[in-house]
Amino acid sequence: MKLSVYHTPELAPDEKLPQCAIAVDVLRATTTIATALAAGAEAVQVFSDIQELMQVSEQWSAPLRLRAGERGGSKVEGCDLGNSPLDCTPELMTGKRLFISTTNGTRSLVRIQEAAVVMTAALINRQAVVNYLLATKPETIWIIGSGWEGSYSLEDTVCAGAIAHQLQIQGKLSLSDLAGNDETVAAIALYLQWQDQLLSLLQQASHGQRLLRLDCNEDLIYCAKLDTLDIVPIQQEMGVLVGKSLKQD
Ligand code: MLT
C-alpha cells in the first residue's frame, strides 16, 4: 500500500487516479455523510452544483428524500437541512436518500469519483476506514483534503495523518513503505502533535473559527471525536455513497 495525501482537490495529479481515493472534509461534509449513513439513510448523493441537486432530487419521491445545502457554513435557502451532522438523527434519516451539496467537501468527492474505489473519511470513522483499507489492501491510496476554496486546512490534514498513523501501526508498515509523498509524512507529524487535543486544533483552524462565529461549537465537539462510528461511506454508483461496516460483512 502506498498512501499519498493531497491537501486540496486542485493539488491531486490530473493525469492519473489511484486504486482507492478517499475524500476528507472533517468540517463538516464527510462527518455529516458518515453520520447520515450510520443513522439509516439509504444513500447519500453528492453534488458540487446546487441547481443540479435540486433538479435530480426533484425526480425522487418527496417523502423519501432530504436536501442538504451549505454555502459559507450556512444552510442554502430551499433545502431541508444545512450541513450539521447533529441534524442527522435516525428519526429524520431512516430510509431516506440525502442529496447534499457543500462549499468544498462535495467538490473534492466529485474530483475523485472516477477512481476504482471511492470512499469518505472523517475523524469519527477513522478506524472503520483503516479496517477497510487493511482488509482490501489497495496498492495506491489517495487521501484528498477539501480545504477551503482551494487552500489548506488543518482539520483535513490531521485526519489524513490519523488514518496514515493507524495504518502504519496496525499494518506494521514502515513510514517509507507507506508514504507516497512528503505530505503524508507531514500529516502524520501534525496528528502526533495534536492527537490528544483534536478539539483545540479544530477550534484553531480557520474554518473552525468560521463555524464558531456561526455558533456551531457543538458541531466542532462532535467532529473532533475519534472512532465513534463504525461505517465507511463507499461510492456505489457515480456520486452515490452507501454505508459499509466490516462488522456487518
Ligand atoms: C464544506 O464543504 O466546505 C464544509 O463541509 C462546510 C461546512 O462546514 O458546512
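In this predicted model, the side chain of threonine 102 places an N or O atom 2.5 Å from an oxygen atom of the ligand. Threonine 103 takes part through its backbone instead, with an N or O atom 3.4 Å from an oxygen atom of the ligand. The ligand on its own would expose 270 Å², and the protein buries 100% of that area. In total, 13 residues surround the ligand, and the closest of these are Asn83, Thr102, Asn104, Gly105 and His207.

A search of the whole structure returns three aromatic pairs. In one of them, the rings of tryptophan 60 and phenylalanine 99 have centres 5.8 Å apart and planes at 70 degrees; because an angle over 60 degrees counts as edge-to-face, the pair falls in that class. The two partners come from distant parts of the chain, 39 residues apart: tryptophan 60 belongs to the loop between helix H2 (50–58) and strand E4 (65–71), while phenylalanine 99 belongs to strand E6 (residues 97–101). Their surroundings can be told apart by accessibility. Phenylalanine 99 has a relative accessibility of 0% and so counts as buried, whereas tryptophan 60, at 30%, counts as partly exposed. Together with Phe47, Trp60 and Phe99 make up one aromatic cluster. Another tryptophan ring, that of tryptophan 148, has a charged neighbour: the charged end of arginine 210 sits over this ring, 3.9 Å from its centre.

After the helix comes lysine 172, which has a positive phi near 50 degrees.

Several further backbone features deserve a look. Most residues other than glycine have a negative phi, and most peptide bonds are trans. Against that background, lysine 137 has a positive phi near 45 degrees, although this residue is not a glycine. Lysine 137 lies in the loop between helix H5 (126–136) and strand E8 (140–145), where a relative accessible area of 56% makes this residue exposed. Glutamate 149, also not a glycine, has a positive phi of about 45 degrees. This glutamate is placed in the loop between E8 and H6, and at 59% relative accessibility glutamate 149 counts as exposed. The peptide bond that joins leucine 27 and arginine 28 is cis, with omega at about -5 degrees. Arginine 28 is located in the loop between strand E2 (20–24) and helix H1 (29–38).

Notes. Residues are numbered from 1 along each chain as its sequence is written. This is a predicted model: local features need pLDDT of at least 70, side-chain atom pairs count only at pLDDT 80 or more; totals for chains, interfaces and linings use all residues. Side-chain values use heavy atoms; hydrogens and water are left out. Rings of Phe, Tyr and Trp (its six-membered ring) pair if their centres lie within 6.5 Å; planes under 30 degrees apart count as stacked, over 60 as edge-to-face and the rest as tilted. Helices (H or I, at least four residues) and strands (E, at least two) are DSSP runs, numbered from the N terminus. Buried means under 20% relative accessible area, exposed over 50%, partly exposed in between (1.4 Å probe, protein chains only). A charge sits over a ring if NZ of Lys or CZ of Arg is within 6 Å of the ring centre and within 35 degrees of the ring normal. A residue is near a molecule or strand if one of its heavy atoms lies within 4 Å of it. A polar contact is a pair of N or O atoms within 3.5 Å; within protein, one must be able to donate a hydrogen and the other to accept it, and residues adjacent in sequence count only if both atoms are side-chain atoms. Accessible areas come from the Shrake-Rupley method with a 1.4 Å probe; for residues, only the protein chains shown count as cover.
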